[in-house]
Amino acid sequence: MSIHAPAPEGHAVRQDPPGEAPESAPAREPRRRRSRVPALLILPTLLILIAALGYPIGWQLVTSMQKFGLTQQFGAPPEFVGFANYAALLTDTNFWVVLGRSLLFCFLAASLTVVIGFLLAVLMKQVGTVARLILQISMLLAWSMPIVAAMTVWVWLVDWRRGVLNWLLTRVGFDAEGHNWLAEPVTFFAIALIIVVWMSVPFVALSIYAGLSQISDEVMEAAEMDGAAGFQRIRYIIMPLVAPVLSIVMLLQIIWDLRVFTQIKLLQDAGGVANETNLLGTYIYQMGVGAGDFGTASAVSVLMLVITVAISWYYVRSLMKEEN
Amino acid sequence: MRLSSLSRPLWTAVAIVIALAWAFPVYWMFNSSFLPNTVLQSTTPTFLPFGGSLDNFKAVFADGTFLQALGISLTVTLTTVVVCLIVAFLSALAISRFKFKGRRSFILAMLLIQMLPAEGMFIAQYKMMSSVGLLNNVLGLSVLYIAAVVPFTIWMLRGFVAGVPAELEEAGMVDGLSRTQAFMRITLPLLAPGFVASGVYAFLQAWNEFTVALVIMTEDQMKTLPLWLRGFVQASATRETDWGMVMAASMMVAVPVIIFFMIVQSKMSSGLVSGAVKG
């Protein structure tokens, strides 16, 4: 598998097939004539995206400025309140706690994932073929596990009565028998962190490993002859060479870890205290689906989208830049 | 390439221990799905499925709700895959074979949309589906899935379309084929691997999706497999949890995915970093 900087495309310099070079044989001229064909080709995509995403996002912007209360549950039209929902959110301590918790969790999970993924990628380079394959297969197994199935297994592993975790801890001498990890927010998030990192490391490890595989053996041998020790080799040769891959996976992890809805929701199902363990996704869910406060839920959703776009923007821009 | 002068056997041992620990939850699901509940109720875990049986699997099938959820999941997933491939193929063709006004904006929009979290939109989607009467509706859920999956599918297919040189088609046209014939007979067959890879990607996304389904499919008989599995865990948690059956159920949700994923993994992974979506 080859991990490369994303394929460039665009108007000026492009690596697309030769047939697309801007100045070329007249044989292909008809395609570049102004025609309706491209518009027709992208029309179905546009219609679906507008219906399934565009319209809801528009609705959300409007709704985030409306007030929903008890009377709306009985059919009264919501009242337009401008930015009052946003103002209320920004002065609500609980919202800041949830936001701060989400960002902290996201940052911790993403950093841990990238560090562990990097170390495992280096380890894959370090060992023989058989050990490497075993490691790769176990990574693929964890990566391919459907999230709800994986969460189901994990919930059992950390179950307070019959979980393997408590049994194991008791066996090695801790007093863990009957300990409910999900009851306390701190241990709840520790478990969530372990699970999220477990799920995300394989992608990072295999991506970085692919990046490492593109470093030629000659470069490493030369470094070895120059007397560079293990750590120095990592610091001065490997890091700079895999830095682009590292920064991309870090960014992607941050974006993905901001939306850990499923994991948190299913852990809450299994005994977490919802109010103290909400992250942005479950907070929106509780607010909207649970309490019917669509105005506030929409306002939080809009903020979440803005944060996501702000983080992604850098990455998307760098993808687009390569087109020029 | 070796990084350290420390002995290889040591690192090999470390690698194998990590591999075993990492795969343990997957193994645990596999192992427990064969064991009877009387064994699983013990506070001492059983690590090997010796003396196990297929009873748990039979019990899951005997529970009619599994087949119902399987039916819903298959319908939603196949609808998503088919529509997604057609729609994405047309768009991929547009951006890789044509230059047009708004092409860059279109690509930019596709890249950005991939990043949008379902959690930032599900309330609005719920209200929309509710207002057009498509809550608890396979079509409604499929539309949302198609919109979520199509941007990356376009990105993936675009790479494959761009990989077929237009010269091949032109050669066919020199030999007397019309443009359409040349496309159908020369280009389309060469795109088969692209369709398989992006089709499997769409399949995995729709098959595994939980968040949107949780919000849109509120009725019991309209649950997709992930929702059904969650419901199954919750229902059995009120009694003493029947972990054997729960694990057998998880196996049946997971095994098709694991097999599919293993097959296309290498085809998908290069696209994953450039296309920015986690499998």
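**Group meeting: the contact between chain A and chain B**

I'll start with one pair: R230(B) forms a salt bridge with D269(A), and their closest N and O atoms are 2.5 Å apart. That distance comes from a predicted model, as does everything else I'll go through today.

How many salt bridges are there between chain B and chain A? The count is one.

K265(A) and D269(A) both sit in helix α12 of chain A, residues 261-269, four residues apart, or about one turn of the helix. Over all chains, the search finds five salt bridges.

Now the interface as a whole. The size of an interface is often given as the accessible area lost when the parts come together. For chain B and chain A that buried area is about 10,700 Å², with 72% of it on carbon and sulfur atoms. In residues, 112 of chain B are in contact with 116 of chain A. Nine residue pairs between the two chains are in polar contact, counting pairs with both residues at pLDDT 80 or more.

Next, the rings. Across all chains the structure holds 26 aromatic pairs. Which residues form a cluster through ring pairs? They are W143(A), F203(A), W256(A) and F261(B), so the cluster draws on both chains, given ring centres within 6.5 Å for each pair. There are also charges over rings. The charged end of K127(B) sits over the ring of F294(A), 4.2 Å from the ring centre. Within chain B, the charged end of R158(B) sits over the ring of W155(B), at 4.9 Å from its centre.

On to the chains themselves, chain B to begin with. Its secondary structure comes to 13 helices and zero strands. The C-alpha atoms of chain B fill a box of roughly 75 × 65 × 35 Å along the principal axes. An unreviewed UniProt entry places the feature "transmembrane region" on chain B at residues 12-30, 66-94, 106-126, 138-161, 182-204 and 243-264. Take two of those spans. Residues 182-204 of chain B are 96% helix and 0% strand, with end C-alpha atoms 33 Å apart. Residues 106-126 of chain B are 71% helix and 0% strand, and their end C-alpha atoms are 26 Å apart.

For chain A, the UniProt record, again unreviewed, places "transmembrane region" at residues 37-57, 95-121, 133-157, 188-212, 233-256 and 294-316. In the model, residues 95-121 of chain A are 100% helix and 0% strand, with 38 Å between the end C-alpha atoms. Residues 233-256 of chain A are likewise 100% helix and 0% strand, and there the end C-alpha atoms lie 31 Å apart.

How values were computed:
Residues are numbered from 1 along each chain as its sequence is written. Chains are lettered from A and ligands numbered from 1 in the order in which they are written. This is a predicted model: local features need pLDDT of at least 70, side-chain atom pairs count only at pLDDT 80 or more; totals for chains, interfaces and linings use all residues. Side-chain values use heavy atoms; hydrogens and water are left out. Rings of Phe, Tyr and Trp (its six-membered ring) pair if their centres lie within 6.5 Å; planes under 30 degrees apart count as stacked, over 60 as edge-to-face and the rest as tilted. A charge sits over a ring if NZ of Lys or CZ of Arg is within 6 Å of the ring centre and within 35 degrees of the ring normal. UniProt positions are given in the numbering used here, feature names are shortened, and annotations may be inferred rather than shown by experiment. Helices (H or I, at least four residues) and strands (E, at least two) are DSSP runs, numbered from the N terminus. Contact means heavy atoms within 4.5 Å. Buried area is the accessible area (1.4 Å probe) that two parts lose on being put together, summed over both. A salt bridge is a side-chain nitrogen of Lys or Arg within 4 Å of a carboxyl oxygen of Asp or Glu. A polar contact is a pair of N or O atoms within 3.5 Å; within protein, one must be able to donate a hydrogen and the other to accept it, and residues adjacent in sequence count only if both atoms are side-chain atoms.
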